[in-house]
Amino acid sequence: MRSLRHYALVYRQYLSMSLANALIHRTHFCLLIVFEMVFYFTSIAGLEILFRAVPNIGGWDRNQALLLLSFMLAVDQLHMTFVSENFWQLGDDIRLGALDYHLLRPIGSLFPVFFRSIRCGTLAILPLSWLILIYYGHQAGLAGLDWLLLPALVLLAALLQTVIDMVIVTLLFWTVGADGVNFVRINLQTVARWPREAFLTGFRFVFTFVIPVLLIGNAPVAFLLDSSRWQILGGMGLAILVSLYSLKVMWQAGLRRYESASS
Amino acid sequence: MSLLTSPLQASPWLRTAQVSLSNIMTYKFNFIALVFLPPLVFLALRYNIWSTVLKNGNQTTAAGYDHQAMMAYQAWVFVLTIFVQGFVGNKIAEDIHKGKISAFLLYPFSFWQFHTATFLATLALQAVVAVIAISVFIGANIIVLPASPVLLVGLALTCAGAWIWYLFQYIIALSAFWLGEVWVVRSSLYLMCALASGSILPLEFFPANIIRILGWTPFPYLIYVPIRVLTGAPHDDLVLTTLIFVGWGLALTVLTNLVWRRGIRMYTGGGI
């Protein structure tokens, strides 16, 4: 309990620093909001245009596919706000040896590395992402209990996406250049926005069991659309546990490989 | 200095290109992950989706495309994305942020020349990857190369598209004179371009009004129009296409000069 309080106090400082940073760079703060809106617009418009010519994709009709997309946009919004920035910084930290400072702190090394920067500009768009999710939720016919479960499921999905991304960026210990690994991560997020049934067997297997990105949004939304499919949520829970274990193994292997830049 | 090496050493363009290639190849995985993997993931994604819809689903065509035509279109999107949109101008913005352009203001080789040489070197590398991809697609009977005159027109349009893309990247990078971070603007361009260029969906899927509006923007000329030409689809407005291309090229060149002049006026550099 004391440890949790300690982490909460440290996180409050991170939040305060990030907010101060956002208020200094006000143009960037506003541009982030514009970027998020462009992202939402292009994602939704792409799918809406596709469904003008296609009645369903792997059994998912327009309303169901757009519910999945808006669910993933809500997950991405949390991910972009609270962790994404840190993934880009890790590459420089490793290359320039700045990781030393985080490893020496009296706190778990993963915490400052992955949670110290928060994008406050993206936080401002939170209401929009939820409005879109509620709108498409209504169109897909979500009922009473579904709405109660929705926030918890979004958080669960954000957790799985974050852990998978953390595992992927530990590759930076081996590749050095940061942009490439982060682009791989972003592209896998794109895969996660599509219905699992849209993929052929081999791809579906890889993206469900090897890199489980197809469970991030698909499992909660499939459960919301048909509560008899609760097993898929169990699969998602298992994927979170396995990903957390993989993160532990990869992080430790990465730290063993890390050579501080200082002498 | 031998006769064979002197022209190479004398030309700052070639030397810069050589150094840029060497820099790129130092981080090979980074290059592959930046230039090759994103289009590959998108190709895999589209292959899955269109196979599910047009092969395993209830319909055989969508907006006039059957499975084979859609696969050919997506294969060309893959090739053109690698060639046209492979260049990322983050180094340009970094040079401005870190005050490195002070040196270029004194060198006999300008900032623009240096980065254009880097772009041309990257383009050469992307061309190699694109040719390998085309060979694989031809071998797999996914695409067929058109007859020589059409191929030449297609290649010219593709190179012009790469040039327009470079100008976009350069202007966005120059916004580093005013902005602390330019990735937001660059990413917004990527997103708009992916939708409006026909990368995500062929423009036949779009409503007619939108297609008309997009026709006056440079985006379709980066991917959709070259693919129409390269796949031998009828394209009546080649003169208009060329005029729009040239118009955008000139407009972006003028804008590049304007932004540079404005930016350099307020630039304060450190030491050299």
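In the predicted model, Leu68(A) is placed in helix α3 of chain A, which spans residues 62-96. Its relative accessibility is 0%, and Leu68(A) therefore counts as buried, the limit for that class being under 20%. Once neighbours within four places in sequence are left aside, the contacts of Leu68(A) are with Trp60(A), Arg193(A), Trp194(A), Pro195(A), Gly217(A), Asn218(A) and Val221(A).

With a relative accessible area of 18%, Arg196(A) is buried, because the class takes in residues under 20%. Between Arg196(A) and Leu238(A), which are 42 residues apart along the chain, the C-alpha separation is 17 Å.

Glu197(A) forms a salt bridge with Arg229(A), with the closest N and O atoms 3.8 Å apart. Glu197(A) lies in the loop between α10 and α11 of chain A and Arg229(A) in the loop between α12 (218-225) and α13 (231-257) of chain A, so that the pair ties together parts 32 residues apart in sequence. Arg229(A) is partly exposed, its relative accessible area being 30%. A further salt bridge joins the side chains of Asp165(A) and Arg185(A), at 3.2 Å from N to O. Here Asp165(A) comes from helix α8 (residues 144-169) of chain A and Arg185(A) from helix α10 of chain A, the two being 20 residues apart and the pair again linking distant parts of the chain. Both Asp165(A) and Arg185(A) are buried. Over all chains, the count comes to 10 salt bridges.

Helix α9 of chain A, residues 172-175, contains Thr175(A), which counts as buried at 16% relative accessibility. Apart from neighbours within four places in sequence, Thr175(A) is in contact with Val181(A) and with Phe29(B), a residue of chain B.

The contact between the two chains takes 42 residues from chain A and 38 residues from chain B. The size of an interface is often given as the accessible area lost when the parts come together. Chain B and chain A bury about 3400 Å² between them, with 76% of this area on carbon and sulfur atoms. The count of salt bridges between chain B and chain A is zero, whereas four residue pairs, both members at pLDDT 80 or more, are found in polar contact across the interface. On the side of chain B that touches chain A, α3 (28-54) and α9 (183-196) of chain B each supply at least two residues, and the largest share, 17 residues, comes from α3(B). Sorted by class, this side of chain B has 27 nonpolar residues, 10 polar residues and one charged residue.

Chain B as a whole has 12 helices and two strands, and from the N terminus on its elements run α-α-α-β-β-α-α-α-α-α-α-α-α-α. The radius of gyration of chain B is 20 Å, close to the 19 Å that the globule rule gives for 272 residues, so chain B is as compact as a globular protein of that length. Taken along the principal axes, the C-alpha atoms of chain B fill a box of roughly 65 × 45 × 35 Å. Of the 272 residues of chain B, 48% count as buried. Among the contacts in chain B with a separation of 6 or more, 75% are accounted for by residues 24 or more positions apart.

Key
Residues are numbered from 1 along each chain as its sequence is written. Chains are lettered from A and ligands numbered from 1 in the order in which they are written. This is a predicted model: local features need pLDDT of at least 70, side-chain atom pairs count only at pLDDT 80 or more; totals for chains, interfaces and linings use all residues. Side-chain values use heavy atoms; hydrogens and water are left out. Contact means heavy atoms within 4.5 Å. Buried area is the accessible area (1.4 Å probe) that two parts lose on being put together, summed over both. A salt bridge is a side-chain nitrogen of Lys or Arg within 4 Å of a carboxyl oxygen of Asp or Glu. A polar contact is a pair of N or O atoms within 3.5 Å; within protein, one must be able to donate a hydrogen and the other to accept it, and residues adjacent in sequence count only if both atoms are side-chain atoms. Helices (H or I, at least four residues) and strands (E, at least two) are DSSP runs, numbered from the N terminus. Ala, Val, Leu, Ile, Met, Phe, Trp, Tyr, Cys and Pro count as nonpolar, Asp, Glu, Lys and Arg as charged, and the others, Gly among them, as polar. The radius of gyration is taken over C-alpha atoms; the globule rule is 2.2 Å times the number of residues to the power 0.38. Buried means under 20% relative accessible area, exposed over 50%, partly exposed in between (1.4 Å probe, protein chains only).
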